[in-house]
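User: Please take me through this model in a series of questions and answers.

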Amino acid sequence: MKRIEHIGIAVKDLEAGNDIYTSLLGKAPYKLEEVESEGVLTSFFQVGESKIELLQATTADSAIAKYIEKKGEGIHHIAFEVEDIYASMKEMAEKGFRILNEEPKKGADNKLVCFIHPKSSNGVLVELCQTIKTDH
Ligand code: CO
């Protein structure tokens, strides 16, 4: 793991969340992005070498909607940056971690992502993410 890439926070209302975190962090989000496949609207704040990702559900069956229904707003996942997501997924599976998706998914902010079940990691949903490399 290279670093904590971001911490994901589930919010009911992204606009209200953006206002709160803009005030808290002293800067506005650098990006808003909808990930339709995941049913989420996201915003990103840069904080040093890491980011805060706010997530609002756009559909009733989105994972974020379910999370908020069960636990309320709050920290939803911690994302670690990896160099090679395929190698990391294989390594984590071999170590006994339960990987939630067989193939990496396209996440927000130009990332390939996969998740580790919170039951494998002391109740914390862990995201592995790798920046999508674009060849020019
Ligand atoms: Co994330």
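Predicted model: local features only at pLDDT ≥ 70, side-chain atom pairs only at ≥ 80, totals over all residues.

User: Which residues coordinate the cobalt ion?
Analyst: Donors are N, O and S atoms within 2.8 Å of the metal (3.2 Å for Na, K and Ca); water is not among the atoms, so sites may look incomplete. Along the chain the donors follow the spacing H-x46-E-x23-H-x49-E. At 2.1 to 2.2 Å, the cobalt ion is coordinated by His6 (NE2), Glu53 (OE), His77 (NE2) and Glu127 (OE).

User: What is the geometry of the site of the cobalt ion?
Analyst: Four donors count as tetrahedral if all angles lie between 85 and 135 degrees; four count as square planar and six as octahedral if opposite donors are over 155 degrees apart and all others between 65 and 115; anything else is irregular. The angles among the 4 donor atoms here are 82 to 170°, and the site is irregular.

User: Is Glu53 buried or exposed?
Analyst: Buried means under 20% relative accessible area, exposed over 50%, and partly exposed in between (1.4 Å probe, protein chains only). Because its relative accessibility is 5%, Glu53 counts as buried.

User: Is Asp61 buried or exposed?
Analyst: Asp61 is found in the loop between β4 and α2. Since its relative accessible area is 56%, Asp61 is exposed.

User: Which element supplies the largest share of the lining of the largest pocket?
Analyst: On a 1 Å grid over the protein atoms alone, a pocket is an open set of points with protein on both sides within 12 Å along at least five of seven lines, and lining residues have an atom within 4 Å of a point. Of the 34 residues that line the largest pocket, the closest to its centre are Ala63, Ile64, His76, Phe115 and Leu125. The largest share of the lining, 6 residues, comes from α2.

User: Which residue stands opposite Ile9 in β5?
Analyst: Two strands pair if DSSP finds at least two bridges between them. β1 and β5 run antiparallel and are joined by 7 bridges. Opposite Ile9 stands Ile75.

User: Which residue of β8 is the bridge partner of Glu81?
Analyst: β5 pairs with strand β8 (residues 126-131) in the parallel sense, over 4 bridges. The bridge partner of Glu81 in β8 is Cys129.

User: Which residue takes a positive phi in the hairpin of β2 and β3?
Analyst: Strand β2 (residues 31-35) runs antiparallel to β3, and 5 bridges join the two. Val35 stands opposite Val40 in β3. The hairpin has 4 residues between the strands, and the residue with a positive phi near 65° is Gly39.

Methods
Residues numbered from 1 in each chain as written. Heavy atoms only, no water. 1 Å grid on protein atoms, 1.4 Å probe; cavity = no way out; pocket = protein on both sides within 12 Å on 5 of 7 lines; lining within 4 Å.
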